[in-house]
Amino acid sequence: MLQNRDITVVKIGGNVIDDDMALEQFVVDFASLPSPKILIHGGGKLATRLAEKLEIPTTMVEGRRVTDAATLDVVTMVYAGLLNKRIVAKLQAAGCNALGFSGADGNMIPAVKRNPEPLDYGYVGDIEAGKINTALLATLLESGITPVFCAITHDTKGSLLNSNADSVASAVAVAAATIAPTDLVFCFEKQGVLRDVEDDESVISLITKADYPTLRSEGIISKGMIPKIDNAFRAIEQGVTSVTIKHSAQLTNPTAGTTIK
């Protein structure tokens with residue numbers, strides 16, 4: 001059992017995945033965090049570049065990728081293959097014994113194909129935290145293994161699905177919170193949620209449920225930040241101890257970034 005040992009769930013994405021130096025520093029910092037810990041990674045920009053080379057169009061709606069059959073092949077190759085194994089290898093080099101997963105592996109993250117109404121997102125999966133294989137997750141953490149999840153899930157009927165990486169992080173954190181107290185950290189290339197995207201010093205230190213509608217209506221929170229904030233509130237409501245959004249270089253700084261309450 002993970003007695004008196006809190007779990008840290010970290011999601012890494014944005015430009016950090018594309019920046020070799022930033023990713024190397026993040027890996028070292030993540031490896032230095034006390035175990036038990038879990039890593040979830042995105043990687044949309046690399047998938048978009050590969051899709052462009054293959055002349056497969058990319059469609060995004062409010063930060064979420066519309067996934068047709070061809071796009072599903074691309075994101076599976078990138079997320080579950082190249083990026084996942086590259087990150088696992090870097091973690092091993094940093095002394096963190098990691099194991100890479102898609103949602104299909106070990107039936108870790110089942111999902112349901114999203115309803116095509118009112119907008120058909122294609123092969124996109126919505127996750128229920130209660131369906132995550134918590135028993136296997138607990139076994140891995142108790143064995144000193146750090147799971148590394150990509151955003152590819154499955155429908156338990158033989159089909160892979162593309163899920164939003166922030167949604168994966170939120171659901172995994174909620175599942176982890178049934179094992180031990182859990183903190184969720186979203187890391188990317190900004191200092192936190194910014195009031196002015198052009199001003200790195202304009203970090204909003206605290207966002208509450210009451211603040212959120214106004215920040216969204218004013219356009220301060222928009223595009224890819226919307227699912228991140230939505231998932232942060234969902235995690236808090238379902239038992240996660242804390243959620244923070246911060247720069248990847250500030251991972252080990254407990255006072256940095258934006259706290260969601």
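**Helix packing, core contacts and local backbone geometry**

N107 is partly exposed, its relative accessible area being 35%. In this predicted model, N107 is situated in the loop that runs between β5 (98–101) and β6. The backbone of N107 has a phi near 50 degrees, a positive value in a residue other than glycine. A positive phi also occurs at T156, where the angle is near 65 degrees. T156 belongs to the loop between β9 (152–154) and β10 (160–162). With a relative accessible area of 51%, T156 is exposed, since the cut-off for this class is over 50%.

Cis peptide bonds were examined next. The bond from S35 to P36 is cis, with omega near 5 degrees, and P36 is placed in the loop between α1 (20–32) and β2 (37–41). The bond from E117 to P118 is likewise cis, with omega near 0 degrees. P118 lies in the loop connecting β6 (111–113) and β7 (125–127) and is exposed, with a relative accessible area of 83%. Between the C-alpha atoms of P118 and L54, which are 64 residues apart along the chain, the separation is 29 Å.

Helix α2 (residues 44–53) and helix α3 (residues 69–93) have axes that come within 9 Å and cross at roughly 130 degrees. That angle makes α2 oblique to α3, and the crossing of the two helices is right-handed. On the α2 side the contact is formed by G44, L46, A47, L50 and A51, and on the α3 side by V74, V75, V78, Y79, L82 and L83. Classified by residue type, the contact of α2 with α3 has ten nonpolar residues, one polar residue and no charged residues. Within α2, the residues L46, A47, T48 and A51 are buried. The buried residues of α2 pack against β4 (64–66) as well as against α3.

From α5, the residues D166, S167, S170 and V174 meet P227, K228, N231, R234 and A235 of α7. The contact of α5 with α7 has three nonpolar, three polar and three charged residues.

The largest nonpolar core has 83 residues, of which F26, I38 and I229 touch the most other members. When neighbours within four places in sequence are left aside, the contacts of I38 comprise I7, T8, V9, V10, F30, L137, L141, T146, P147, F149, V172 and A176.

Helix α4 (residues 134–142) contains T139. T139 is partly exposed, with a relative accessible area of 41%. From T139 to A129, ten residues apart in sequence, the C-alpha to C-alpha distance is 17 Å.

Note on methods
Residues are numbered from 1 along each chain as its sequence is written. This is a predicted model: local features need pLDDT of at least 70, side-chain atom pairs count only at pLDDT 80 or more; totals for chains, interfaces and linings use all residues. Side-chain values use heavy atoms; hydrogens and water are left out. Axes are lines fitted to C-alpha atoms, for helices over the stretch in contact, and angles run from 0 to 180 degrees between N-to-C directions. Helices (H or I, at least four residues) and strands (E, at least two) are DSSP runs, numbered from the N terminus. Angles under 35 degrees count as roughly parallel, over 145 as roughly antiparallel, 65 to 115 as roughly perpendicular and the rest as oblique. A crossing is left-handed if the near helix is turned anticlockwise from the far one by less than a right angle, and right-handed if clockwise. Contact means heavy atoms within 4.5 Å. Ala, Val, Leu, Ile, Met, Phe, Trp, Tyr, Cys and Pro count as nonpolar, Asp, Glu, Lys and Arg as charged, and the others, Gly among them, as polar. Buried means under 20% relative accessible area, exposed over 50%, partly exposed in between (1.4 Å probe, protein chains only). A nonpolar core is a set of buried Ala, Val, Leu, Ile, Met, Phe, Trp, Tyr and Cys residues joined through side-chain atoms within 4.5 Å.
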